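User: Hello! I am new to this structure and would like to get to know it. Could you walk me through it?

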Amino acid sequence: MARAVERVRVEQLLLEIDQAFNRKSWHGTNLAGALRGVTPEQAAWRPARGRHNIWELTVHAAYWKYAVRRRLTGEARASFPL
């Protein structure tokens, strides 16, 4: 019974993570929607020295989605494709 409850909790967390990225969500525009129409040149533009650009922030979000999913599901560590 405890494993079933844990599995349901993990599935719910994974759903929430997906909603934040590319599914209809309660909180407004998701990450995929916010990036729609952004060109590679715009994503690489750095607003000031020492500041992050859209590209870096997107890779950061994608990596942590990968890392959290892997930890929740117990998947083996693999290389993260940039």
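Predicted model: local features only at pLDDT ≥ 70, side-chain atom pairs only at ≥ 80, totals over all residues.

User: How far apart are the end C-alpha atoms of helix α4?

Analyst: Helix α4 covers residues 54-73, which makes 20 residues.

User: Which residue caps the N-terminal end of α4?

Analyst: Look for a side-chain oxygen 3.2 Å from the backbone nitrogen of Trp 55. The residue that supplies this oxygen, and so caps the helix, is Asn 53.

User: Where on α4 do its buried residues lie?

Analyst: The buried residues of α4 are Tyr 66, Ala 67 and Arg 70. Viewed down the helix axis, the buried residues fall within an arc of 95°, so they line one face of the helix.

User: Which side chain of opposite charge is nearest to Arg 70?

Analyst: Arg 70 sits in helix α4 and is buried, yet has no salt bridge. A salt bridge would need a distance within 4 Å, whereas the nearest side chain of opposite charge is 6.7 Å away. That side chain belongs to Glu 75.

User: Is Asn 30 buried or exposed?

Analyst: Asn 30 is found in the loop between α1 and α2, where a polar atom of its side chain lies 2.9 Å from the backbone oxygen of Arg 23. Its relative accessible area is 13%, and buried means under 20%. Asn 30 is therefore buried.

Technical notes. Residues numbered from 1 in each chain as written. Heavy atoms only, no water. Helix = DSSP H or I, 4+ residues; strand = E, 2+ residues; numbered from the N terminus. Expected span 1.5 Å × (residues − 1). Buried < 20%, exposed > 50% of the residue type's maximum accessible area, 1.4 Å probe, protein only. Arc of directions from axis to C-beta. Polar contact = N/O pair within 3.5 Å; in protein donor to acceptor, adjacent residues only side chain to side chain. Lys, Arg positive; Asp, Glu negative; His and termini not counted.
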